[in-house]
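Hello,

Here is the structure I promised to pass on. My notes follow below it.

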Amino acid sequence: MAAHGHAIPPARTGRFALPDWLPLALGFLAMLLPSLVGLFRGIWSTEEQAHGPIILVLSLWLIYRKWPEMLAASAGAPSSRAGWPLLVASLLLYVLGCSQQILSLEILALIGTGLALLLLKRGRPAARVLWFPFFFMLFMVPLPLPLVTTLTMPMKMAVSYVTEHLLFLAGYPIARTGVILQIGQYQLLVADACAGLQTLLTLEALGLFYLNLVRHTSPFRNIVLALLIVPISFTANVIRVMTLTLITYYFGDAAGQGFLHGFAGMVLFISALLLILAVDSLLQWIVRKRGGAGAPAAGVAP
């Protein structure tokens with residue numbers, strides 16, 4: 001005898017997926033959009049923090065790139081309870097940052113909120129796949145001014161010192177007093193934007209992004225390249241200051257402080273990227289040479 005009854009229709013996930021995410025997406029956008037508008041009108045329009053939009057775009061691209069892998073890894077995974085305390089703490093931090101106009105707390109809160117929502121919706125496997133984009137977003141967070149001031153001065157002194165000696169060896173009439181370079185009839189102040197802590201951190205972010213993108217299988221290559229990012233960043237800063245100094249020497253102070261000053265910022269990132277690629281190619285050659293030296297000779301009878 002056949003049993004009679006009403007069959008339960010399969011769930012139409014395509015129709016209900018959007019409403020399931022919609023309240024969370026709208027709430028997050030309500031937090032995110034006013035903050036982004038304030039950042040673009042505020043510190044992201046300054047030279048010191050101009051890397052913020054770049055970091056954001058690269059982070060979103062990394063999330064987009066890893067999204068199919070995240071969906072596959074978190075399929076059927078339970079929601080993580082760690083998302084709730086992180087969400088509450090992030091929302092409180094957001095309220096504090098907005099009310100006191102502390103941008104560092106506001107940006108940290110947005111990053112934490114995004115990670116909390118990911119944990120609540122897709123669980124820990126999703127966070128394991130997308131951990132680097134959220135970590136990479138931390139480079140958007142402005143550091144406290146006292147810390148920046150304390151650490152920037154020794155860096156500017158070092159960059160000024162190296163720039164002076166290299167140009168002097170090249171035959172240029174240059175002298176230095178602290179962080180002020182005198183070349184010919186012009187004086188240049190090595191500013192925070194030229195050789196400051198934020199610039200170094202931006203180049204560090206560029207190096208970490210490159211490492212995450214290439215994903216070398218050799219631990220030696222990854223570790224050495226990660227350690228060399230700091231001197232590479234310093235060298236790129238020296239190249240930028242030397243470029244500005246030579247532009248001022250040959251074309252005048254107006255050229256150095258005008259359009260060509262922005263071009264020197266491009267020189268900073270291009271030179272850093274070229275140095276990273278050159279060092280990585282050298283490490284690749286060393287790894288291959290070590291592998292070839294360690295391999296047994298072919299064609300030799302036992």
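Gln101 sits in the loop between helix H3 (83–100) and H4. Its phi is positive, about 55 degrees, although Gln101 is not a glycine. Most residues other than glycine have a negative phi. At 70% relative accessibility, Gln101 counts as exposed. The cut-offs are under 20% relative accessible area for buried, over 50% for exposed, and partly exposed in between, with a 1.4 Å probe and protein chains only.

Before you go further: this is a predicted model, where local features need pLDDT of at least 70, side-chain atom pairs count only at pLDDT 80 or more, and totals for chains, interfaces and linings use all residues. Residues are numbered from 1 along each chain as its sequence is written, and side-chain values use heavy atoms, with hydrogens and water left out.

**Overall layout**

The protein has 11 helices and three strands. Both are DSSP runs numbered from the N terminus: H or I of at least four residues for helices, E of at least two for strands. Along the sequence the order is α-α-α-α-α-α-β-β-β-α-α-α-α-α. Of the 302 residues, 38% count as buried. Contact means heavy atoms within 4.5 Å. Among contacts with a separation of 6 or more, 73% join residues 24 or more positions apart.

H4 has 27 residues, but its end C-alpha atoms are only 28 Å apart. A straight helix would reach 39 Å at 1.5 Å a residue. (The expected span is 1.5 Å times one less than the number of residues.) H4 has a kink of about 130 degrees at Arg122, shortly before the proline Pro125. The bend at a residue is the angle between axes fitted to the seven residues ending there and the seven starting there.

Helix H6 (residues 145–169) has 25 residues, so at 1.5 Å a residue H6 should span 36 Å. Its end C-alpha atoms are 36 Å apart, which agrees. H6 does bend by about 30 degrees at Thr152, and the proline Pro154 follows within four residues. Thr152 is also one of the buried residues of H6, which include Val148, Met155, Lys156 and Glu164. Just after H6, Gly171 takes a positive phi of about 95 degrees.

**The largest pocket**

A pocket is an open set of points with protein on both sides within 12 Å along at least five of seven lines. A cavity is a set of points where a 1.4 Å probe fits but cannot get out. Lining residues have an atom within 4 Å of a point. Points are joined across faces, edges and corners, and a volume is the space filled by probe spheres set on the points.

The largest pocket holds about 660 Å³. Its lining has 24 residues, with Phe28, Leu60, Ile63, Gly114 and Phe134 nearest the centre. H1 (13–41), H2 (51–73) and H4 (103–129) each supply at least two lining residues. H1 gives the largest share, eight residues. By class, the lining has 23 nonpolar, one polar and no charged residues. Ala, Val, Leu, Ile, Met, Phe, Trp, Tyr, Cys and Pro count as nonpolar, Asp, Glu, Lys and Arg as charged, and the others, Gly among them, as polar.

**The cavity**

There is one cavity of 30 Å³ or more. The largest cavity has a volume of about 40 Å³. Leu62, Lys66, Val129, Trp131, Phe132, Pro133, Asn212 and Arg215 line it. Helix H5 (131–136) gives the most, three residues. This lining divides into five nonpolar, one polar and two charged residues.

Ala205 is in helix H8 (residues 197–214). Ala205 is buried, with a relative accessible area of 0%. Leaving aside neighbours within four places in sequence, Ala205 contacts Ile55, Phe136 and Phe139.

Leu208 is also found in helix H8. Leu208 is partly exposed, at 23% relative accessible area. With neighbours within four places again left aside, its contacts are Phe132, Phe135, Phe139 and Ile229. The C-alpha atoms of Leu208 and Phe132 are separated by 9.6 Å, and the two are 76 residues apart along the chain.

Ser233 lies in helix H9 (residues 219–251). Ser233 is buried, at 1% relative accessible area. Not counting residues up to four places away in sequence, Ser233 touches Leu200, Leu203 and Glu204.

Best wishes
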